[in-house]
Amino acid sequence: MRRSFLILILVLLSAANGNAQAAVPAAIKIVRIIIDGNKHTRTRVILREMALHEGDVLPADSLDAMLEKNRLRLMNLQLFNEVAQRTGNNADGLDLFITVKERWLIIPSFILQFADRNFNTWWEKQDHDLRRATVGVTLTDKNFRGSLEQLAITAQGGYIQKLGISYVRPYVNQGQTNGFGMWLSFSQSRQANYICDSNKLLYAGLYTGPVIMQQTEGGVSFIFRPKYAIRHIFQVNFRDFKVSDTR
């Protein structure tokens, strides 16, 4: 009797364990992805950079690893200070809820350059003449129009005056695989070095004289990115350099 009772308990435990294992799905489907907090960044841009997409079916035991991979991809965009994720049950699988906290992305970069080879030469040999210094600023918007476009404008004055602009648009087609970039800058100076005599650069032109050096630079690029980790860039540059005769 006792033996029969033990056999019955073992059979019931095996059946319960089998039902529990059957209740755990071997694969999970991502049914919906809901993104919140992106007041500036467009949702389609975030979806393009993610490791998970609606309709993906993945092993249940890999869900945590895929969620972490997805979070790191979004953080690597350098658009967000925080990325929080949670899942919710759906009749057909799981819903993925993502909340992002955007950062301020208009960043100034200040420029301070000297006409001489280094700071010591400018300070000692040129008697720290401020007329030989170039100062300026570059303003860069790393998420222009919320589409991962980058727009940068440079303005500088002093020894070398310069104006420049650059623009990169990573996605131009519906599949978000093609993009382009372009840049243009113009600079000028009233002095230019023309020879090195006894390890010392000699300059032509006067600080208050006419412009004797002009330079125009620019270029265009085509970007092809069929997959997240694959990017091809085809680039063409041009440069026009002119120096006036000071004789």
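Threonine 87 has leucine 96 of β4 as its bridge partner. The model is predicted: local features need pLDDT of at least 70, side-chain atom pairs count only at pLDDT 80 or more, and totals for chains, interfaces and linings use all residues. Residues are numbered from 1 along each chain as its sequence is written, and side-chain values use heavy atoms, without hydrogens and water.

Strand β4 (residues 93-102) and β3 pair antiparallel over 10 bridges. Pairing requires at least two DSSP bridges between two strands. Strands (E, at least two residues) and helices (H or I, at least four) are DSSP runs, numbered from the N terminus. Helix α3 (residues 63-76) packs on the sheet and touches β1 (27-36), β2, β3 and β4. Contact means heavy atoms within 4.5 Å. The directions of α3 and β3 make about 150°. Axes are lines fitted to C-alpha atoms, for helices over the stretch in contact; angles run from 0 to 180 degrees between N-to-C directions.

## Strand order

The open sheet has 4 strands in the order β2-β1-β4-β3, with mixed pairing. β2 (57-59) and β3 (80-90) are the edges; each has a single partner strand, so one side of each lacks a neighbour in the sheet.

## Strands β8, β9 and β12

Strand β9 (residues 178-189) pairs antiparallel with strand β8 (residues 160-169) over 10 bridges. Glycine 164 lies opposite serine 185 in β9. β9 also runs antiparallel to strand β12 (residues 213-227), joined by 12 bridges. Here asparagine 178 stands opposite phenylalanine 224 in β12.
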